[in-house]
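Trainee: Please take one part of this model and describe it closely, with the partners around it and the cut-off behind each term. I would rather have one connected account than a list.

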Amino acid sequence: MKKYKICVYAISKNEEKFVDRFMDSLKEIDKVYVLDTGSTDDTVNKLKNRGAIVEQKIIDPWRFDVARNLSLDMVPEDIDICICLDLDEVIEEGFIETINNLWKDDTTRLRYNYNWKLDNDNKPLVNFYIEKIHSRKNYKWTHPVHEVLTYLGDKENFITTDLITVNHYPDDTKSRSSYLPLLELSIKEDPTDDRNMHYLGREYMYYHKWNECIDTLIKHLSLKTATWKDERCASMRFIARSYKKLKRYEEANMWLLKAIDEAPYLRDPYVEMALLQYEIGNYDKVIHFCNLALEIKTHTKSYINEQFSFDSTIYDLLSISYYYLNDLESAIKNVDKALEFDKENIRLINNKKFFEKEL
């Protein structure tokens with residue numbers, strides 16, 4: 001087994017509470033390089049005390065790609081493999097041995113397991129592959145936000161493994177207010193970028209800018225490069241979600257039918273349709289679309305997967321819909337299944353008691 005020179009690089013700002021956990025997960029590695037972009041707490045001192053090599057630079061105007069590239073510039077040229085992490089992430093033990101076992105001299109990038117969201121028992125709720133382990137040379141970060149690691153060489157050679165896992169433990173108090181203007185800037189710089197057009201439309205949805213969301217995601221769907229069906233399906237679902245918020249249910253229904261047709265192998269559009277039918281009181285249709293969703297047992301490992309497609313939501317919808325259709329036995333059966341996912345949910349517990357009393 002060849003031993004490669006491997007390091008971690010990162011950016012930071014006011015993340016002192018994550019430093020020890022972050023550095024504890026990197027005991028297998030010799031060098032950790034961190035670019036601090038203006039911490040006013042004790043992040044820098046804590047990192048240095050734990051052995052990280054830290055530089056400080058204020059980036060104004062702020063761009064994530066600039067920060068990432070400056071942190072990558074800190075890595076010496078003789079390093080073979082770079083691992084880009086954030087301080088709110090933890091890489092699980094054994095990653096160095098796995099990299100050395102898998103990496104070949106012509107490998108440029110490694111795709112691995114990423115748990116973007118975990119429950120209180122540390123079980124993954126949102127899981128997909130991510131690709132931020134890469135060779136030192138021929139890479140740069142691009143785009144002001146939702147930055148992409150871009151290959152500058154002739155041929156990029158990927159390897160994929162489930163033996164490396166990074167867990168994400170985000171600070172939910174941190175503002176993401178910079179994302180919307182940075183996404184708008186990104187599209188201004190490259191109006192043909194389908195990925196960021198999708199992200200911008202999604203961001204408008206997060207800000208309850210329903211009409212802007214609809215217009216932007218229709219633009220996304222019109223781009224020649226927007227060919228990934230999972231993402232196209234998500235754009236259609238978000239358009240439908242926006243029409244639903246505007247109480248324009250016919251348009252919402254139309255776009256969800258398009259979403260189902262675009263990616264019939266995904267649960268997400270069926271569950272989204274069930275949620276729409278529930279809001280307008282079509283309980284037979286709720287049951288129909290929930291059952292169609294349940295026929296799909298797996299999902300692709302991408303960031304687009306919705307948590308509500310594989311948690312208690314489907315059985316919750318079924319239980320209430322069966323109640324309204326006077327099928328109390330089916331209501332109880334499905335609320336029991338919902339409780340298997342969410343045992344402490346007071347509303348579900350009370351629903352079960354109510355159904356049983358009615359029966």
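**A close look at one part**

Mentor: Cysteine 7 has cysteine 82, in strand β4, as its bridge partner; strands here are DSSP runs of E with at least two residues, helices are runs of H or I with at least four, and both are numbered from the N terminus. The model is a predicted one, in which local features require a pLDDT of at least 70 and side-chain atom pairs a pLDDT of 80 or more, while totals for chains, interfaces and linings draw on all residues. Residue numbers start from 1 along each chain as its sequence is written, and side-chain values rest on heavy atoms, with hydrogens and water left out.

Cysteine 82 counts as buried because its relative accessibility is 0%.

With cysteines as bridge partners, the sulfur atoms deserve a check. The search of the whole structure finds 0 disulfides, a disulfide being a pair of cysteine sulfur atoms within 2.5 Å. Cysteine 82 is thus in no disulfide, and the nearest cysteine sulfur, which belongs to cysteine 7, is 4.4 Å away. Elsewhere in the chain, cysteine 213 is likewise in no disulfide, with the sulfur of cysteine 233, the nearest cysteine sulfur, 14 Å away; cysteine 213 also counts as buried because its relative accessibility is 0%.

β6 (residues 109-118) and β7 (residues 124-135) pair in the antiparallel sense over 8 bridges, and asparagine 113 has tyrosine 129 of β7 as its bridge partner. The hairpin formed by β6 and β7 has 5 residues between the strands, and asparagine 122 in that hairpin takes a positive phi near 70°. β6 also runs parallel to β10 (residues 158-168), to which it is joined by 6 bridges, and there tyrosine 114 stands opposite valine 166. Of the 10 residues of β6, 7 are buried, so this strand is largely enclosed by the rest of the structure.

For comparison, consider a residue in another helix. Leucine 217 lies in helix α7 (residues 210-222) and counts as buried because its relative accessibility is 0%. Apart from its neighbours within four places in sequence, leucine 217 is in contact with Met197, His198, Gly201, Arg202, Ser235, Phe238 and Ile239. Valine 286 is 69 residues from leucine 217 along the chain, and the C-alpha atoms of these residues are separated by 26 Å. In helix α14 (residues 346-358) we find asparagine 351, which counts as buried because its relative accessibility is 17%; leaving aside neighbours within four places in sequence, asparagine 351 is in contact with Asp316, Ile320 and Val335.

Finally, the setting of all this is a protein chain with 14 helices and 10 strands, whose C-alpha atoms fill a box of roughly 70 × 40 × 40 Å along the principal axes. Of its 359 residues, 52% count as buried, and among contacts with a separation of 6 or more, 66% are between residues 24 or more positions apart.

How values were computed. Buried < 20%, exposed > 50% of the residue type's maximum accessible area, 1.4 Å probe, protein only. Pairing = 2+ DSSP bridges. Contact = heavy atoms within 4.5 Å.
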